[in-house]
Every structure is written in structure tokens, then in C-alpha cells.
Amino acid sequence: MPRPLFQTLYARLALGLFLLLVIVGGLFTVLSLYSVREYNAAVNQALNRDLASHLVSDRNLVTDGKINHSELKRLFDLYMSINPSIEIYLLDQDGRILSYSADPAKIKRKHVALAPIQKLLSNPDAYPIQGDDPRSHDRHKVFSVTPVPSAEHPTGYLYVVLRGEEYDFAESMVHSDRLLRMGGGALAISLFVGLLAGLLFFRLLTRRLSRLTARVEAFEAEAKDISRADSTEGPGVPGDDVDYLATRFDQMAERIAGQLELLKDKDHQRRQLVAQVSHDLRTPLASIQGYLETLGMKQQELNPDERRRFLSVALAETLRLSKLVDELFELAALDARERQPFAEPFMPAELLHDVVQKHRPKAEQAGVALSISTVQPAMALADIAMTERVLDNLIGNAVDHSPRGAEVKLSVTTSIGGVEICVADAGDGIAPADIDHVFDPFYQAPGASRTGHAGLGLAIARRMAELQHGRVSVESRQGAGATFRFWLPLVDSQAKESTAL
């Protein structure tokens, strides 16, 4: 299943670029507005730095070395009407406000700091210099100032705020909408162009990574289709393509390590199998060769009974060898899945009766009784021939491991979703250390003698049961016999899978 777009590295880089451009654009807008405001303030102060002195000289504010207050009042009234963008204040030498042209209700300060005034008077070119705004306790604005009545004999200052309240209000009305449109438009165009360029660059940068991620996803999907061992969908991998590839690489490395261990184990089993097969083939071959060589060399010396006995032993070993070869081919075909089951409904109880009758002569010869204790009628869905082969191996194994005079008990019962056939013998049982290996090919407990059995019957039984979606298990206590349980699915629970089988 393809990963969601927002989980790809390309999408996350695009989102990061968009956020970065928004932040940079916002900072640029703020800094631009601040720079424009500072620039306008500097230009305004530079153009009007001599405004206060011109007002004093042009409006005759000083008469006979004294401030003409009536003319000052007319100046206040005039500039409030014709130029409301400036505010004029008369200060004493300590910076206290004596009179002004502004609305008295809006004056918040009674005192103006003298440090900016002294700085501008001492260096008129050091602008922009901002002084206290009498309309606010914390706001500062550019200004023009001159000593009055004269620089030689100052008794106060004519303090002109160049960007008064009316100017701020008009500027906010005009600039807010216009600057917003201009700044927003410029920001939008910059973001769009930068985003397109960034997306193109990121696409070129991440397309190989995207292709690699797609190939890994396709390989993972094909692997799940081929092997149904993992039928449930695993949890999604959080993060982007790099996190996904890192997780899948770790899983792949872990899987490869597990497969290497499995290959080592399989190789070890293969070597053991080859050695065991060689031993089991060599023994009957050596016996056949020995008896035939004896017949060839001493044919004239042996009486007819001895010759018949030698031939009988050679024939028995030949049959044993033939059976071993047949079982080897059968096990190899099952492992390679060359032999597939053909499922059909049948009654396991009826098949069990037939198999018991087939094994009864051998059991009577060994002094072992075969009895069916419980039979619950049920219809199973499986391959009849394979099921009979499994029962042959289980019953034959039980007879071989039961002492003379013992009884092998068989039963057919229904369980959850299936039918279970139990074969319980009365032999010596299986040691706890060996019970996990009884279904391994050629396995025999340490110290056990090989009595003509190759150890393939239980391995074949398990393979055939698994091919039919069944199972074979064993329970045993040493000295108390062993119970083998053969489970097959019922017809109702496997109706949907009958064609697949």
C-alpha cells in the first residue's frame, strides 16, 4: 500500500519550505515597515530641523528679547487649522510644558526630557533623534527645537513635534490598507515564486529517494503476496521516506540474519540427513551384498534350507531398502509441495475402522490389541489417501512401540472446528528432551536401537497433515506410553477453502 503523501520526505520538505518562506516573509515585512518608518522619520526631521527657529523668526514670537505670548497663541491656533500634522509646545529650561497647540484633554506629560533636545541642538545632523511625545507616557517622536527667546539668552525652548496625533491617524488610515495590499501582494508573489522554485528543487533532490521507496514498497507487497505467513497488515511506519527505509532496512537485516541462521540450521540438518540416509541405505545394501556373496561362494556347500534362508533375508533387506527409498522420495515430494491434496468430505470414523482392520493381523502377530473406544460421527474435509497414510504411520508406530500383551486405544471425537483422531499406545513413552524431535526425519532418541525403521513415518505424517490444514501432535510421559492426536478441519469450517485444497 503506497505511503500517504504527507509522510513523504518531499511533502515534509515542501511544508518546511512553505513555513520558512512565511516566517521570512513576515520578518521581512516587519523589518521593511520599521525601516520605512525610520527612514520617513529621518527624512522628516532632516527637512524640518530648522522649523522651530523659522517659526520664531517668521511669526515674530520674540519681541524686545521676550516671548510674545499673544503671537504664540495665534501661532498655535493657526497651525492647528492649517497644519495639524505638527504640534507646538513651549518649554521652560527644565523641560516643563508651559503652553501648547494640542488638545489639553490629550496631554499626558507635564515634562519633556532635555537629553534628546540637547543632543539635537549640539549636533543638528544626528538624525533621527526622537524625543518625548507629550500625548503619551512612553511614546517618542522626531521633533524640531530652538532656544527662546535666543540661543544666547535662553529661557526655554520651542518644541515642535513633527508627527503629531493627527499625522499618525492620517498615516494609519492611508498606509494601513495600502501597505497591507502592497506588502501582502509582494509577500504572496515572493512566496509563490520561492515555493515553486523550492518544490522543483526538492523534487529533483528527492525523486531518487521516492523511486527507491516505491521499489521497497512494491517488493514488500510482492513478498506478502508470495508468502502468506504474515496475513495481518503490520503497523505503519511513522516518519518520512528516510524513516521508512531505515525501518525496512532494519527489518530486512533482521530477516536476512534469521534466514542465514535458518540456512545454517538447514545445512546442518541436510548434512545429518545425508549421513543418516547413507547409513540407512548402506546397512541393507551391505546385508544384501553379504548374503548374495555367501550364496555365490558357497552355493554347493549350502543345503536348500540355508539357501532359502539366505535368499529370504536378502529379499527382506531388499524390501526394507525399497521402503526406505520410497519414503525418501515421498518426504522430498511433500517438502517440495509436488504432491498436493485433493479434499473431499468423508467420515473419519469409517476410514479409521478400515485402517484398523488392515493393521489387525500385524498387531495380533505382535501380541498387541487394537480397540476403538469412542466414535463421534463427523464429516471432515481432507484428502482420503493422505489421511489413510497418516493413520497407517501412527497406528503402525504405536504397534511397534507397544509391548506384547498391551493395547492400542483409538478414538474419534469432535473438537472446535474439526475432528480429532487419537492413537494411544502403552509403550515406554517419550523422554521430555526427545518429544520436540519425534517428527524430525531420521530422529531417534539417544541410545535407541534402529529396528528396521528409518524414522520417516512421523515426519511424513506431519507433512501430510499440514498440507490438509490439519495438525499432528503428541503427548507423552516416560514409562506411561504416548498419545498422538491427528486433527482435521470439519466440512463446515473449510467449505470456503475446498477449492483451494
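Modeller: Start with Thr-413, which stands opposite Glu-420 in E12. Keep in mind that this is a predicted model.

Colleague: What makes E11 and E12 a pair?

Modeller: Two strands pair if at least two bridges are found between them. Strand E11 (residues 407-415) and E12 are joined by seven bridges, so they count as paired under that cut-off. The two strands run antiparallel. Ser-415 stands opposite Gly-418 in E12. E11 and E12 form a hairpin with two residues between them, and Gly-417 in the turn has a positive phi of about 75°.

Colleague: Which strand does E12 join besides that, and in what sense does it run?

Modeller: Strand E14 (residues 482-489) is joined to E12 by seven bridges, and they run antiparallel. Val-419 has Leu-488 in E14 as its bridge partner.

Colleague: Why is E12 called largely enclosed?

Modeller: Buried means under 20% relative accessible area. Six of the seven residues of strand E12 (residues 418-424) are buried, so the rest of the structure largely encloses this strand. Over the chain, buried residues make up 34% of the 501 residues.

Colleague: What is the order of the strands in the sheet that holds E12?

Modeller: The order is E9-E11-E12-E14-E13, in an open sheet of five strands with mixed pairing.

Colleague: What makes E9 and E13 edge strands?

Modeller: Strand E9 (369-375) and strand E13 (471-476) each have a single partner strand, so one side of each is left without a neighbour in the sheet. From one strand to the next, the twist averages 20°.

Colleague: Which helices pack on this sheet?

Modeller: Helix H9 (residues 384-400) packs on the sheet and touches E9, E11, E12, E13 and E14. The direction of H9 makes about 175° with that of E14; angles over 145 degrees count as roughly antiparallel, so that label applies to H9 and E14. H10 also packs on the sheet, touching E13 and E14, and its direction makes about 135° with that of E13.

Colleague: Why are H7 and H10 called roughly parallel?

Modeller: The axes of helix H7 (residues 304-335) and helix H10 (residues 457-467) cross at roughly 30° and come within 10 Å. Angles under 35 degrees count as roughly parallel, and H7 and H10 are therefore given that label. H7 passes H10 in a left-handed crossing.

Colleague: Which residues make the contact between H7 and H10?

Modeller: On H7 they are Glu-327, Glu-330, Leu-331, Leu-334 and Asp-335. H10 contributes Ala-459, Ile-460, Arg-463, Met-464 and Leu-467. By class, this contact has six nonpolar, no polar and four charged residues.

Colleague: Now the sheet with E3. What is its strand order?

Modeller: This open sheet of five strands has the order E4-E3-E7-E6-E5, with antiparallel pairing. Strand E4 (97-100) and strand E5 (130-132) stand at the edges because each has a single partner strand, so one side of each lacks a neighbour in the sheet. The twist averages 40° from one strand to the next.

Colleague: How do you know that E3 is largely enclosed?

Modeller: Six of the six residues of E3 are buried, so the strand is largely enclosed by the rest of the structure. Glu-87, Tyr-89 and Leu-91 point one way, while Ile-88, Leu-90 and Asp-92 point the other way, and all are buried.

Colleague: What joins E3 to E7 and to E4?

Modeller: E3 and E7 are joined by six bridges and run antiparallel; Tyr-89 has Tyr-159 in E7 as its bridge partner. Three bridges join E3 to E4, again antiparallel, with Leu-91 partnered by Ile-97 in E4. The cut-off is at least two bridges, so E3 and E4 pair with three. E3 and E4 form a hairpin with four residues between them, and Gly-95 in the turn has a positive phi of about 90°.

Colleague: How many bridges pair E6 with E7?

Modeller: Strand E6 (residues 140-148) and strand E7 (residues 156-161) pair in the antiparallel sense over six bridges. Val-145 stands opposite Tyr-159 in E7.

Colleague: Where does H4 lie?

Modeller: Helix H4 (residues 115-122) lies across strand E3 (87-92), E5, E6 and E7, and runs at about 65° to E6.

Terms used
Residues are numbered from 1 along each chain as its sequence is written. This is a predicted model: local features need pLDDT of at least 70, side-chain atom pairs count only at pLDDT 80 or more; totals for chains, interfaces and linings use all residues. Side-chain values use heavy atoms; hydrogens and water are left out. Axes are lines fitted to C-alpha atoms, for helices over the stretch in contact, and angles run from 0 to 180 degrees between N-to-C directions. Contact means heavy atoms within 4.5 Å. Angles under 35 degrees count as roughly parallel, over 145 as roughly antiparallel, 65 to 115 as roughly perpendicular and the rest as oblique. A crossing is left-handed if the near helix is turned anticlockwise from the far one by less than a right angle, and right-handed if clockwise. Ala, Val, Leu, Ile, Met, Phe, Trp, Tyr, Cys and Pro count as nonpolar, Asp, Glu, Lys and Arg as charged, and the others, Gly among them, as polar. Buried means under 20% relative accessible area, exposed over 50%, partly exposed in between (1.4 Å probe, protein chains only).
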